Amino acid sequence: MATPNGLARIDTNGGAKKKHENGICHDDSSAPVRAQNIDELHSMQRKRSAPTTPIKQADGAAVSPFAAAISEEGRRTQQLQSISASLASLTRETGPKVVRGDPARKGEAAVKVAPVAAAPAPKPQPHHHHHHHVAPTISVSDSSLKFTHVLYNLSPAELYEQAIKYEKGSFITDSGALATLSGAKTGRSPRDKRIVKDEAAAQELWWGKGSPNIEMDEHTFLTNRERAVDYLNSLDKVFVNDQFLNWDPENRIKVRIISARAYHSLFMHNMCIRPTEEELEEFGTPDFTIYNAGKFPCNRYTHYMTSSTSVDINLGRREMVILGTQYAGEMKKGLFGVMHYLMPKRRILSLHSGCNMGRDGDVALFFGLSGTGKTTLSTDHNRLLIGDDEHCWSDNGVSNIEGGCYAKCIDLSREKEPDIWNAIKFGTVLENVVFDEHTREVDYTDKSVTGKKNTRAAYPIEYIPNAKIPCVGPHPKNVILLACDAFGVLPPVSKLNLAQTMYHFISGYTALVAGTEDGIKEPQATFSACFGAAFIMLHPTKYAAMLAEKMQTYGATGWLVNTGWSGGRYGVGNRIKLAYTRKIIDAIHSGELLTANYQKTEVFGLEIPTAIEGVPSEILDPTNTWTDKAAYKETLLKLAGLFGKNFEVFANYKIGEDSTLTEEILAAGPKV
């Protein structure tokens, strides 16, 4: 049958096999969707995640699907009640009304809970979240009349959607990573970090000269906490992450992070250990809570405030408050500081180090400040990576504190750092990088946003191909202290006794090259206690004593490796070749250096090997590489003097019941 224009009529019903019903032509080439409108169609697109833990009765028999649904509803209600309690103001009887889900998706069903009454403050107990102290007069506010939407443990894909839709400066790069901006602060603000100095903290923590701990009182903390909680409760939605720290299941810590930005939620999703569905169902009350209200400033008229930024930790309440900075690294390093306090209470040593393991189970720890090669040398394709930055050493062995890596990516290239380059993909957070506005290709050489070399990438540790999952290992055999000595007087490798290991661990030495006013470049000595002074809570000698005890108990050997200059200071000598340093590290791993012949150096009294396979013997002793012997001796004594001056702050600190250990450590230092 032809149409008026002469073209054949299209029969959409398979020819003349069927008659048209009611004179209407139906296209039945595919089954119709089972939706009555577009909203219903969209809701069908997203399948709801089911709980993975089987729900059973006391006798072990499975319950009915109806009962399981009720139990699932109950679990969600309990989660929201816990979050409401976390967000409770100290000046109101209850926490806020909370509802799970995105407020933009109004058609979705959501679990709601009424405000949860604030629990009375319990007696302080270790490893448990503390609720509220005696509060001021109770009142009602506008925020208590609204629902706060909780976006709970969202997936990276969901967080991408939130960031791109609602956070200016968030883009997907050509590799699939999420590029974000941290606002005005592109690094940590150590001068704005405060610790509540209550009675316990006054006795336990390191205070005074050289300490990173700056005090604040309880009242000021509660003032800032109230400001942060009120800000978060005023928002339509908050992001909540319930996660873990420490891969050792016997000693892991439950942390809750409440934040206002998808960027912060995704960052912590990557950096903390991600719980399974089963673990989330049993998560309960967190051991530590972060209130990240970084988009909102602190009140500068508040006591102890020196700027609009304040990062506050209350160890008694197990809480951290962030105001006035959106830099995500404050959360990561704040929790690291908390672990430096909590873990030693369990006789577990917390360490700012890299860690890898050989195929035969031999574990090595790498300590080193920025520029010493810690990341490069601990990343070894012939060994498994346990972690790149934060670890615990317990009676069970070593364990990574984190679930991810936070890598510098300034000047990053596929050739120099292939593992980091390949880890920058979907799910990775790229902080403050610059990219092409059309292709979204990142220019890793551009530091326009930060003004310094602090563009970074945060990604899950499983993005590294040779990562060991779970991130745990046996007791270390080698403890490697890295120093980039720009003075050029330390040997490429030295074997340390226990006292020397403690001395150099407490010193945390490296030397950087800095420009002087007249343009001449000269080395500058840098000392950071325990190779991470900014994060430690206790006196450095306490961590050093724990390190020595564990090394002695489990038979670990200490090494000092210089990755800096040889044959003269910076500008005169040459940088020790990376290939030689790798050969040295390989010889440490293999045990070759345990059987080598050694000779002792002057001043520092270091034991240096006379030969290492693949390394020129003449560079092993610095006296051989300097042509100007008088200049060598002068520079050596200068560095020894800098070590001694730095150690003065630790010299009078008593370790243990007597000062014997202190005297041993002092004796292990250089002799001027």
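**Figure 1. Helix α12 and the glycine that follows it.** Glycine 555, with a positive phi near 75 degrees, follows α12, where helices (H or I, at least four residues) and strands (E, at least two) are DSSP runs numbered from the N terminus. This is a predicted model, in which local features need pLDDT of at least 70 and side-chain atom pairs count only at pLDDT 80 or more, while totals for chains, interfaces and linings use all residues. Residues are numbered from 1 along each chain as its sequence is written, and side-chain values use heavy atoms, with hydrogens and water left out. The end C-alpha atoms of α12 are 21 Å apart, which agrees with the 21 Å that its 15 residues should span at 1.5 Å a residue, the expected span of a helix being 1.5 Å times one less than its number of residues. Among the buried residues of α12 are Pro540, Tyr543, Leu547, Lys550 and Met551; buried means under 20% relative accessible area, exposed over 50%, and partly exposed in between, with a 1.4 Å probe and protein chains only.

**Figure 2. The packing of α11 against α12.** Helix α11 (residues 498-507) and helix α12 (residues 540-554) pack at an angle of about 145 degrees with their axes 9 Å apart, the axes being lines fitted to C-alpha atoms, for helices over the stretch in contact, and angles running from 0 to 180 degrees between N-to-C directions. From α11, the contact is made by Leu498, Thr501, Met502, Phe505 and Ile506, and the residues from α12 include Ala544, Ala548 and Gln552; contact means heavy atoms within 4.5 Å.

**Figure 3. Helix α13 and its surroundings.** The 13 residues of helix α13 (residues 578-590) reach 18 Å from the first C-alpha to the last, close to the 18 Å expected at 1.5 Å a residue. Buried in α13 are Thr581, Ile584, Ile585, Ala587, Ile588 and His589, and the buried residues of this helix pack against elements that include β14 (354-357), α9 (374-378), β25 (476-483) and β29 (557-562). Glycine 591, whose phi is positive and near 90 degrees, follows α13.

**Figure 4. Strand β10 between its parallel partners.** Because six of the six residues of strand β10 (residues 288-293) are buried, the strand is largely enclosed by the rest of the structure. Phe288, Ile290 and Asn292 point one way from β10, whereas Thr289, Tyr291 and Ala293 point the other way. Strand β9 (residues 253-259) pairs with β10 in the parallel sense over five bridges, and two strands pair if DSSP finds at least two bridges between them. Arginine 256 stands opposite threonine 289 in β10. Strand β12 (residues 319-323) also pairs with β10 in the parallel sense, over five bridges, and tyrosine 291 stands opposite valine 321 in β12.

**Figure 5. Lysine 332 in helix α8.** Lysine 332 has its place in helix α8 (residues 329-345) and, at 5% relative accessibility, counts as buried. Leaving aside residues up to four places away in sequence, lysine 332 touches Phe267, Met268, Met271, Asp389, Glu390, Glu402 and Tyr406.

**Figure 6. An open sheet of mixed pairing.** Five strands form this open sheet in the order β4-β5-β20-β23-β19, and its edge strands, β4 (171-172) and β19 (404-408), each pair on one side only. Two bridges join β4 to strand β5 (residues 178-180), the two running antiparallel, and isoleucine 172 has leucine 178 as its bridge partner in β5.

Figure 7. The peptide bond from isoleucine 469 to proline 470 is cis, with omega near -5 degrees, and proline 470 lies in the loop between β23 (456-460) and β24 (472-473). Phenylalanine 531, found in the loop between β28 (521-527) and α12, has a phi near 60 degrees, a positive value in a residue other than glycine, and counts as buried at 2% relative accessibility. Valine 603, in the loop between β32 (598-600) and β33 (607-609), has a positive phi near 70 degrees and counts as buried at 14% relative accessibility.
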